[in-house]
Amino acid sequence: MTEKPYQPDQIETQAQRFWADAGTFRAVEDPDREKFYCLCMFPYPSGRLHMGHVRNYTIGDVVSRYQRMQGKNVLQPMGWDAFGLPAEGAAIKHGMPPAKWTRENIAYMRGQLQRLGFGYDWERELATCDPAYYRWEQWLFTRMLAKGLAYKKKAVVNWDPVDETVLANEQVIDGCGWRSGAPVERREIPQWFLRITDYAEELLAELDGLDWPEPVKIMQRNWIGRSEGVEVAFGIEDSDEVLRIYTTRPDTLMGVSYMAVAAEHPLAMHAAQADPELQAFIAECQQHAVSEAAMETMEKQGRPLGINAVHPITGESVPVWVANFVLIGYGTGAVMAVPGHDQRDWEFARAYDLPIHQVIAPAPGDAQPCDMATAAFVDAGVLVNSGKYTGLTSADAFAAIAADLTAAGRGERQTNYRLRDWLISRQRYWGAPIPVITTADGQQHGAPDDTLPVVLPEDVDLSDGGSPIKKMPSFYETTDPVTGAPATRETDTFDTFMESSWYYARFCSPGSDRAMLDERARYWLPVDLYIGGIEHAILHLLYARFFHKIMRDEGLVDSDEPFSKLLTQGMVLKDGAKMSKSKGNTVDPQELIDRYGADTVRLFVMFAAPPEQTLEWSDDGVQGGSRFLRRLWRIVQEHAAGGPAGAVRAATLNDAQRDLRRAVHATIQKVSDDIGRRYTFNTAIAAVMELMNAVGRYPAADAQDRAVVAEALDAAVLMLAPIVPHICHELWHALGHESAVVDETWPTVDAGALRSDTLQIIVQVNGKLRARIEIAATAGKEDIERAALADANVQRFVADQPIRKVIVVPGKLVNVVV
């Protein structure tokens, strides 16, 4: 009989056609079955998949298929994070509207995902640029507006003069726009915000209960940044004004030598009216980015305002400066400067020859150096030079100073958060319109429900720069929904993080046109496993958690958190660097699929490294994966050519048959744990490869040999089916099964097969491995010791040396100490 050749393109096409025709991955709610919702972070439709996508989505597909074989009702959807600035740039470059460019990319990338055999329920596919999707985002925003959770105020923002839009702090790289490269300016313009700070404590507290990687939880805790401190009121000399600051170190209050305010602070703006030099400095400050990271790295500069504050305890005069490292949007836009105990304040004081007072000394036994001439002493300690507080510890001084300030009406204890309200408006075109109408009297109202969605015009020309809807009366001219008088629509669009903050929930209610979410969402949510890059650890995941709580409070979901478990996969590197077009080190997944087949690509990305670690690209590794699949194919085909195998008769097996069967069930046990619990797919694959090596070496001489080999091949195909599903679809039939392997259950461990009459024991001499011996499983310590000492290699290393003791660990090892 001629062996059927392995032709990946044909086999994979046939398997995919079978799954599509059978509706294999269509998810249907079933309250009688345990659900498993597996979701990978959806992609931006840039045009082509990259290897990072392939790795991410293969992980999700392997887990989904495994859970399906466990009998669970699995949902694995896919969609497109379709809005965003890159589409505008590409549209200008290619001379087409962003909508057309985006949808063409979606069509191509959908085909790539399908070619990789991912088991998605395509009936639930969504794109965030579709009005049917963002309609409900607009609806939720109007509810937030009515509750006061959405509001508009003037804010100092990072303005990209080339892209003509506001940038988040994270989009400012070395003072320049992340996309345009243009120097970023600071501008004060009206912006829309969401009060995420109202949920700060809940967002912080519930991190403890999440099954997420600890580094991600630490990053979120730090971003939320809960702190205990004191708000202190400094008077202003010859004025009724008060300068309020927040400090987490009231124990250093006696060391204040100057105050610093932001360039946009009212005190600075007022002083600048009569000081051209000060005006110029403030204008210069406004050319810099509004980010804490930028503040940390820039040269610290400032100018005196010519006014003094009044110390709230001593009554002494404290000069007030304007400084480029103070941000108006953080806290009160002012700080008390203690150069003796804050390094930034110390550097500024040294630069401008300002006093440096030591008021904290190291605690007894603290070896930290304390030399004000070389650096600030930033640790807690014992107060010195602090009047009645001298001698107190920092902790005791915190309480004492806070109490005195409160009693004097010049301060109060506060809990503050580093987290700021979420700026959600963007002055660009390709995004969901913000559904707000401004009436003739200047009042702003959410668009009525029956007018939603506010549809973004898609047939536009971006060649003139800026957002075209700001120049389209047909878009922004409307009427007051109450009086019918002329009114205007908001022409800003939502930050694209809005769309990605709730898409996971909409997958659970596809086609719902009467509600944002329906009862189906309660069945599927929360997501059981969410998979994506750790670069999304802060913003996306935090915003999604916030949105989930908003939806909960609207009665749309009944869970507190969106993602029960989080898996963060590492980057894909080549030549030691992250793959990127600029480095010329990209690998096109499509070329690999065309050359080797989808299964080889899937196998390589799962085998090359554990999911949370970086994956170093290796052409040899891809070729090795291809060779393994061809060997698997050959072994199965050769076995199948011998005809059907009988059943295993466990009671009559010889030693060799029992050994192979033991290896089969030990492999099932290991792979089940590696995939189902540990997500260490590389070690699972290695275990199956080792099993196939044993099968390849096994001489199948009689019917029971063939029966044991058949059991091994069945198990191997079942265990590999989530990872390389196409070849396993074909091989399962070759092994004589009429069912589809995708519909099979996961193999179970036969505990009896794992039992052995003998054990392998490691023998060490002075802690170094010298032998492996086979002994009866029932052997006692004396028999084990006798067998170990009788081994020829052990005797060679013991030689004539006296044996001091023999340590026997039953079932594991013997250590002979000489």
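## Strand β12 and its partners

In this predicted model, strand β12 is joined to strand β15, which spans residues 334-337, by 4 bridges, and the two strands run antiparallel. Within that pairing, Met-259 has Met-336 of β15 as its bridge partner. Strand β12 also pairs with strand β14, residues 317-323, here in the parallel sense and over 3 bridges, and in β14 the residue that stands opposite Met-259 is Val-320.

Strand β12 itself comprises residues 258-261, and both of its faces are covered. Tyr-258 and Ala-260 lie on one side, while Met-259 and Val-261 lie on the other, and all four of these residues are buried.

## Thr-496, in a loop

Thr-496 is located in the loop that connects β25 (493-494) with α14 (503-506). Its relative accessibility is 18%, and because buried means under 20%, Thr-496 counts as buried. When neighbours within four places in sequence are left aside, the residues in contact with Thr-496 are Asp-81, Phe-83, Gly-84 and Arg-428.

## Thr-600, in a helix

Thr-600 belongs to helix α18, which covers residues 598-607, and with a relative accessibility of 0% Thr-600 counts as buried. A polar atom of the Thr-600 side chain lies 3.5 Å from the backbone oxygen of Tyr-596. Not counting residues up to four places away in sequence, Thr-600 touches Val-622, Gly-625, Ser-626 and Leu-629.

Notes
Residues numbered from 1 in each chain as written. Predicted model: local features only at pLDDT ≥ 70, side-chain atom pairs only at ≥ 80, totals over all residues. Heavy atoms only, no water. Buried < 20%, exposed > 50% of the residue type's maximum accessible area, 1.4 Å probe, protein only. Pairing = 2+ DSSP bridges. Contact = heavy atoms within 4.5 Å. Polar contact = N/O pair within 3.5 Å; in protein donor to acceptor, adjacent residues only side chain to side chain.
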